[in-house]
Amino acid sequence: MRNQEVARIFNEIADILEIKGENPFRIRAYRRAARNIDGLTRDVAAMHEKELLKIPGIGADLAEKIREYVTTGTLKFYEELKKEAPPGLAEILSVPGLGPRTAMLLFEKLKIKSIDDLQRYAEEGRLKGLPGIKERTEENILRGIAMIKRHSGRFPLGRVLPVAEEIMSELRKRSPVRELVAAGSLRRWKDTIKDIDILSTSRDPEKVMDVFVHLPLAREVLMKGPTKSSIVTGEGIQVDLRVVSEDSFGSALAYFTGSRAHNIRIRELAVKKGLKINEYGIFDVRTGKKLGGRRESDVFKILGLPFIPPEIREDAGEIEAALENALPRLVDTGDIKGDLHVHSNYSDGSHSIQELAGIAEKKGYEYIAVTDHSKGLGVARGMSIEQILQQNKEIKDFNRKSERIKLLSGVEVDIRSDGALDYPDEVLEKLDMVIASIHSGFRQSRRQLTGRLVSAMKNPCVTIIAHPTGRLIGERDAYDIDMEEVLKTAKETGTVLEINAHPLRLDLNDIHIKKAREMGICMAVNTDAHTDFQFDFMHYGVRMARRGWLEKKDVLNALDRNRLMKHIKNKRAKR
Ligand code: DGT
Ligand code: CA
Ligand code: ZN
């Protein structure tokens, strides 16, 4: 899959154009194209010109550039442009909040070419005094660098999963594998992944190893053995592949799925029963006899436990729950009846209302809520009051004619920096679904930020708080809020919290979801889709919900439409 490469190059082109002070429209076009390519589930290298042109933001010129790059391996325009950029630009720009112009300045004035250079200068307070750099900027830069160093070595799930899928599909095509499963944190759907652990069985393990280390995406081979090899991909992700014997596959799968903490508890239980469990099987300690190991379920059965889904194997109470036969019946993608946070071309989405309805119908949904940005969000082409009323009317007209799918008219209303909402209640009341969220002022104090969320939740018109912590995995930490207070207010006011399914958000995270569930707070799993393929992000969100132990009854958009509307009314009735 070449999508991430192409997206990275387009982003870098945009950075360099920005340094050169080129036309902002052109710069934005490259960024938009990069974003949309990055999120594609299909490989751009396998797409014809016609298909490329269907990607939002890709015109003839960019389609041609994509073709050039994927067929020749380089892009002339980019190679030329790079000569005008300072060295280390991409590295410097990976520091959150640091733009291309500043990067250029840092290079020209101080010869800063790497993050280490930058950190030294910032720590010594030597950036201050450069045009546009204040004490605050210096602090932000240091905070950004600390974050990068903390995250280093872990990748967002959304970047790793497509790589793992591609590797497995290649192995299936080209080598004699029988079983083939990604274990480890990937099988548990953790939001960040250190490395990919693939497990397989085969008649000819050596052949499998050979194909694996010669995959085109293997940039480096760390180790090659008869049944275990490790490679590093172009993205820098390490992949371990093991071939195990058929009669140990189940116990190996349980072992390598982890988590480590979960495994330790399982082994303790085994010891108490006079058993030994390892990656080779389950054994009677006294006789040494092998009791099982072919199937993963053997492990649980022999211990007298129900099957524990991989998503909750974190030693976070699942063993205790299993012992009492009180495991949750986790929500499933099939339980989801609609998406309550999607954007149309009234703001920064790609599709018309009609088109959105068509996509939703194809997904088999009963309803979706169209929730475009409010006017405060200039960058996202937020709607004026006239526009949203117009959209509300268009949606109501649509529903009158539509049998199968119903649209909820809605808004993603911006919570301003003083906590006020961007539209007056008289407007919000006219809409079916109001979701509120923070898009600015991330650096405010904990008290201010918490206060903004709390006052939004206290508004009876607000049904959902979207992406409650604002994090972007690997790019921006969650803003500083008092989560206890937020959860308490959600409970008291009957406000729903979103599990934003965008793979770079996954916000709320698993730990907060679990806490919210324990408090009896309702949650909604939404994609925040801006274009058609992003509707598929739903499964990421559902997996996070499962990691937070959610059942169908905990999820707002697992309700049918009548119950959903009742839920919204209940909170509004409190005014
Ligand atoms: P990460 O950090 O995203 O790669 O997370 P995991 O869980 O994939 O961790 P990893 O790749 O180090 O190991 C994969 C699984 O193998 C892990 O979840 C449990 C199992 N495992 C590996 N080493 C040990 C160990 O020393 N003790 C136990 N009990 N389990 C281990
Ligand atoms: Ca791993
Ligand atoms: Zn949104």
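Mentor: Let us begin with one contact: an oxygen atom of ligand 1 is 2.6 Å from an N or O atom in the side chain of serine 185, and a polar contact is a pair of N or O atoms within 3.5 Å. This is a predicted model, in which local features need pLDDT of at least 70 and side-chain atom pairs count only at pLDDT 80 or more, whereas totals for chains, interfaces and linings use all residues. Side-chain values use heavy atoms, with hydrogens and water left out, residues are numbered from 1 along each chain as its sequence is written, and chains are lettered from A and ligands numbered from 1 in the order in which they are written.

Trainee: How far is an oxygen atom of ligand 1 from an N or O atom in the side chain of arginine 154?

Mentor: That distance is 2.9 Å, while for lysine 194 a backbone N or O atom lies 2.9 Å from an oxygen atom of ligand 1. Taken alone, ligand 1 exposes 600 Å², of which the protein buries 80%, with accessible areas taken from the Shrake-Rupley method with a 1.4 Å probe.

Trainee: How many residues surround ligand 1?

Mentor: A residue counts as near a molecule if one of its heavy atoms lies within 4 Å of it, and 16 residues surround ligand 1, with Asp195 and Arg188 among the closest.

Trainee: Why does ligand 1 lie between domain 2 and domain 3?

Mentor: Domain bounds come from an automatic or database domain assignment; here domain 2 (155–243) and domain 3 (257–323) both give residues to the shell, so ligand 1 lies between them.

Definitions and conventions
A polar contact is a pair of N or O atoms within 3.5 Å; within protein, one must be able to donate a hydrogen and the other to accept it, and residues adjacent in sequence count only if both atoms are side-chain atoms.
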